[in-house]
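Dear colleague,

Please find below the structure that I am passing on to you, together with its sequence. My notes on what was found in it follow directly after.

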Amino acid sequence: MVHIGNDWDRLLEKEFSSEYYLKLREFLKKEYFSCTVYPPMKDLFNALRYTSHEGTKVVILGQDPYHGPGQAHGLCFSVKEGVAHPPSLKNIFKELEREYGIPAPASGELVGWAKQGVLLLNATLSVRCGQPLSHKGQGWEILTDAIIKKVNEKSEPVVFMLWGASARAKKILVTNPAHLVLECAHPSPLSAHAGFFGCGHFKKANEFLASVGSEPIDWSKINDI
C-alpha cells in the first residue's frame, strides 16, 4: 500500500484503506499496465512526500498533471529539471518576477518551494499521455479533498492560493477562519491576463505568514535547497 514517510501516512490511513481508494488503485494498475500514464507511479505522492501536514504553510492547487512526456513528477505546475517550462509555469514565473524581481530559473522543478512548506497539490494525481483530465472522476478528487480538509483542520494559519475556476471551487472546503484564501484567474495563457498577472499572491502570502509569526517562503529558492 501507500507509504509516504511522514505524518500524512497516519492522517490518511483511513483513506488509503477505503473502498473508493481500493477501486482507484485497481483502475491505476490497469492504466499503468495498458497505457502511458504520468507521472511515473513512484512520483504520484511527491507533493505529500516533500511537504508534510505539519510543515504545510501554503497550498497551491492544480487540476491534473501535465500530460506530455517527461513533464509531470507529482508537484502541480512543476516540471523535472531539463524540461521546457509549460506556458502556465512561464506565467507563474512572470508574476513572481513582477512581484519580487526574481528572474525565471533555468529549471522549472519547484522542489525548493515544496521543501519550505508549499503543498503543490493537483486535484487529480494521474493522467494518460496526451489526454488531459482522463483520470478525472476515478476517485482522486475524494482523496485530495480529504487532504485539503486535513490542512483546513490545522490550527496554524495556512495560505490557500486558488488559481482558476477548478481550484476556486475548493474554497468551500476551507472553513477555518485562521487561514487566508487568495483567489484569481488561472495562470494559463488563456486567462492569465484576466487577473492572474498582478494578483500579488506571492507577496500577500508572505505578508500574512509574517503577520501570524510564521517564517515566510523564500520564493527565490525555487529548486532543491
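The largest pocket of this predicted model holds about 470 Å³ of space. Its lining comprises 25 residues, and those closest to the pocket centre are Asp 64, Pro 65, Tyr 66, Ser 88 and His 186. By class, the lining of the largest pocket consists of 13 nonpolar, 11 polar and 1 charged residues.

The second largest pocket has a volume of about 220 Å³. Its lining is made up of Met 1, Val 2, His 3, Tyr 21, Arg 25, Leu 28, Lys 29, Met 41, Lys 42, Leu 44, Phe 45 and Arg 49. Helix H3 is the element that contributes the most to this lining, with 4 residues. Here the division is 7 nonpolar, 1 polar and 4 charged.

Strand E2 (58-62), helix H7 (140-152) and helix H8 each give two or more residues to the cavity lining. The residues around the largest cavity are Leu 61, Gly 62, Ala 123, Thr 144, Ile 148, Ser 166, Ala 167 and Lys 170, of which 4 are nonpolar, 3 polar and 1 charged. Ser 166, one of these lining residues, belongs to helix H8 (residues 165-168). Because its relative accessible area is 31%, Ser 166 counts as partly exposed.

Turning to the packing, the largest nonpolar core has 69 residues, among which Phe 45, Met 161 and Trp 219 touch the most other members. Helix H3 (residues 19-34) supplies the largest share of this core, 6 residues. Leaving aside residues up to four places away in sequence, Trp 219 touches Val 58, Leu 96, Tyr 100, Ile 102, Trp 113, Val 118, Met 161, Phe 202, Ala 205 and Asn 206.

Helix H5 (residues 87-100) deserves a separate note. This helix of 14 residues reaches 20 Å from its first C-alpha to its last, close to the 20 Å expected at 1.5 Å a residue. Its buried residues are Ser 88, Leu 89, Asn 91, Ile 92, Phe 93, Glu 95, Leu 96 and Glu 99, and they pack against helix H6 (111-116), strand E5 (159-163) and helix H9 (201-211). Ser 88 is also among the residues closest to the centre of the largest pocket. After H5 comes Gly 101, with a positive phi near 75 degrees.

Most residues other than glycine have a negative phi, and most peptide bonds are trans. The peptide bond from Tyr 38 to Pro 39, however, is cis, with omega near -5 degrees, and Pro 39 sits in the loop between strand E1 (37-38) and helix H4 (46-50). Phe 77 has a positive phi near 70 degrees and lies in the loop between E2 and H5. With a relative accessible area of 9%, Phe 77 is buried. Leu 133 likewise has a positive phi, near 65 degrees, and is located in the loop between strand E4 (127-128) and H7. Leu 133 counts as partly exposed, at 35% relative accessibility.

Yours sincerely

How values were computed:
Residues numbered from 1 in each chain as written. Predicted model: local features only at pLDDT ≥ 70, side-chain atom pairs only at ≥ 80, totals over all residues. Heavy atoms only, no water. Expected span 1.5 Å × (residues − 1). Buried < 20%, exposed > 50% of the residue type's maximum accessible area, 1.4 Å probe, protein only. Contact = heavy atoms within 4.5 Å. Core = buried A, V, L, I, M, F, W, Y, C linked by side-chain atoms within 4.5 Å. 1 Å grid on protein atoms, 1.4 Å probe; cavity = no way out; pocket = protein on both sides within 12 Å on 5 of 7 lines; lining within 4 Å. Points joined across faces, edges and corners; volume = space filled by probe spheres on them. Nonpolar A, V, L, I, M, F, W, Y, C, P; charged D, E, K, R; others polar.
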